[in-house]
Amino acid sequence: MSRRLDRFFCKLIIHHYTIIILFSLNYSIYASTNHGDELLTKISTESLISHVKSLQENISFFPQPRTYQTRNTHHQEATDNVIRYIKRMFTRSPRLKVIEQKVAGIKNIIAILPPKITSTSKKVLIISAHFDSQAVREPDWNPLATSAPGANKNGTGLAALLELANILSQYEYDHEIRFIALGGEELGFLGSRNYVRKAVLRDNTVNQIGLIRRNQNSEDIVGVFNLDMIGYNWKSDLVEVISNRDSVWLSRSLEIANNWYDIGLKIRRTVDEFVDISSHKTFWDSGYSAVTLIESSTPWRDSQNYNANPFYHTFQDTIEKVNFNLVTKVTRLLLVTIDSVLVDMLQPTRDIPQLTLNLPSEVNENPKSVTGTFTTNFPIDIVIHPSSADVKIDRETGTYSANIPLSPGENTVIVVARYPLGAVSVKRTVILKEDFVWKDLILAPNPVRFDKPTEFRVEGNMEISSMIVHIYDVHGNIIKRIDGIGDRLDKRIWRTWWNQKTSYGLAVSGGIYICHITITAEGETYTNIEKLVIIR
């Protein structure tokens, strides 16, 4: 009996351990896979609208109801009230640890999503947006007595931040995420300056003067996505991404995710070390990678796909001016990009995309349709050199296709799969031996009066070495043979003229004549037949 019990308990233990191991394997696979398509469904435009409305009104209900309609740093009561709102929104997720950083009266509200418990990573990814507002473009604005609703600047950026925190906190990653609502941005980026000094120095000495560069003791902040006024543009769904050279991989990751998930944004990437219109600059100055997403780096003037915003920093920066379709798209873009960066780009053992190109060594069609396959665990985009062809990617089948123009003779085709931290490519050489194509054949004028010559003009898709025109009457009798001449600049174009006379110099009568136009190209002869009408 004892032996039977021993065997029973052994089997039971093995069974339970097997379940635990299988569960762990399944969880590991889930945790290391992109969640992009799932994340896209979680963004609610209604939630973004609700946040912007609450931030614009900034209503305090205790001890009695009061609408501040400002979040200016100089207005302490209004600032304290919006901070309470931000904390309340962060604490919707029990997994977020919410702390407050206060330096010289400037407060930052930080929500920390810790890495999963098995991770040893010290890397930190930051998403930030400032919460303060001002109306300095109004001549009679008083920060303590008049409004600064700031629906777009920066209610839209902060609304996106709050939704990103709520959604991403439902997942586990190997690296820490920090969602930072920055204060004092409109006072010279004080919130981000205070935060960066703390991250670099790792102590309480935060009032240093001058630039502070990170060192081996500084926090390992791998990247910062900063959001600042993303909702005014009604002309197009454009977002500008500002980066320096060290941060290009972050802006590239946004562009790739936008194409991969077909989000539909126009992305204008600006690489400029000196653009200091938002909180990214303080991270740059300390050696951290950072980008700012903004409706325009020069919102005060028109640019391509953007009309100047007359409302920012005024009393009129209110919710009805906001394009929430654009805000929703930008928030979706951030969600899938952050997920991809955390799951794939920061993993030291990530798999490199694999790429194939199906292209024969010799073709006779131009443009040529090319296809290939790709294998990847994360978003990529595909470009083909030297053309600028539009490449269609089918994620379900892992295939791509494009129509690329070729030149006669040998062509080198390079297909490149780009991802934020690198690229892989495949190269093929193809020889174009295309058949002759009559791109243009002109007889003018036609019909023609007897006192005007007729021009014969031929244009092909390759160089022409000779051109001969034989003219026949309707009975098949040859009337004239005329040799053509090649264009001085383009040998694919040849011309000749007929003065309506026979080979003996006699004028022909009116009627219909048959013209055989014969050309020679690449050693082959091609003939076309046209009718010419002469009016007497």
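**Figure 1. Overall dimensions of the protein chain.** A compact globule of 536 residues would have a radius of gyration near 24 Å, whereas the protein chain has 34 Å (taken over C-alpha atoms; the globule rule is 2.2 Å times the number of residues to the power 0.38). This is a predicted model, in which local features need pLDDT of at least 70 and side-chain atom pairs count only at pLDDT 80 or more, while totals for chains, interfaces and linings use all residues. Residues are numbered from 1 along each chain as its sequence is written, and side-chain values use heavy atoms, with hydrogens and water left out. The C-alpha trace spans about 110 × 90 × 40 Å along its principal axes. Nine helices and 27 strands occur in the protein chain (DSSP runs, H or I of at least four residues for helices and E of at least two for strands, numbered from the N terminus).

**Figure 2. Helix α5 against helix α9.** The axes of α5 (residues 151-168) and α9 (residues 324-345) come within 10 Å and cross at roughly 40° (axes are lines fitted to C-alpha atoms, for helices over the stretch in contact, and angles run from 0 to 180 degrees between N-to-C directions). The two helices are therefore oblique to each other (angles under 35 degrees count as roughly parallel, over 145 as roughly antiparallel, 65 to 115 as roughly perpendicular and the rest as oblique). On the α5 side the contact is made by T156, A160, L164, I167 and L168, and on the α9 side by V327, T331, L334, L335 and I338 (contact means heavy atoms within 4.5 Å). Eight of these residues are nonpolar, two are polar and none is charged (Ala, Val, Leu, Ile, Met, Phe, Trp, Tyr, Cys and Pro count as nonpolar, Asp, Glu, Lys and Arg as charged, and the others, Gly among them, as polar).

**Figure 3. Helix α7 against helix α9.** The axes of α7 (residues 248-260) and α9 come within 9 Å and cross at roughly 115°. W249, S253, L254, A257 and N258 of α7 meet L333, L334, V336, T337 and V341 of α9. This contact has seven nonpolar, three polar and no charged residues.

**Figure 4. Two cis peptide bonds.** N366 and P367 are joined by a cis peptide bond with omega about 0°; P367 is in the loop between β12 (362-363) and β13 (368-375). The bond from N446 to P447 is also cis, with omega near 5°, and P447 is in the loop between β19 (438-444) and β20 (448-449).

**Figure 5. N58, a residue with positive phi.** Phi of N58 is near 50°, and N58 lies in the loop between α3 (45-57) and β1 (59-60). N58 counts as buried because its relative accessibility is 3% (buried means under 20% relative accessible area, exposed over 50%, partly exposed in between, with a 1.4 Å probe and protein chains only).
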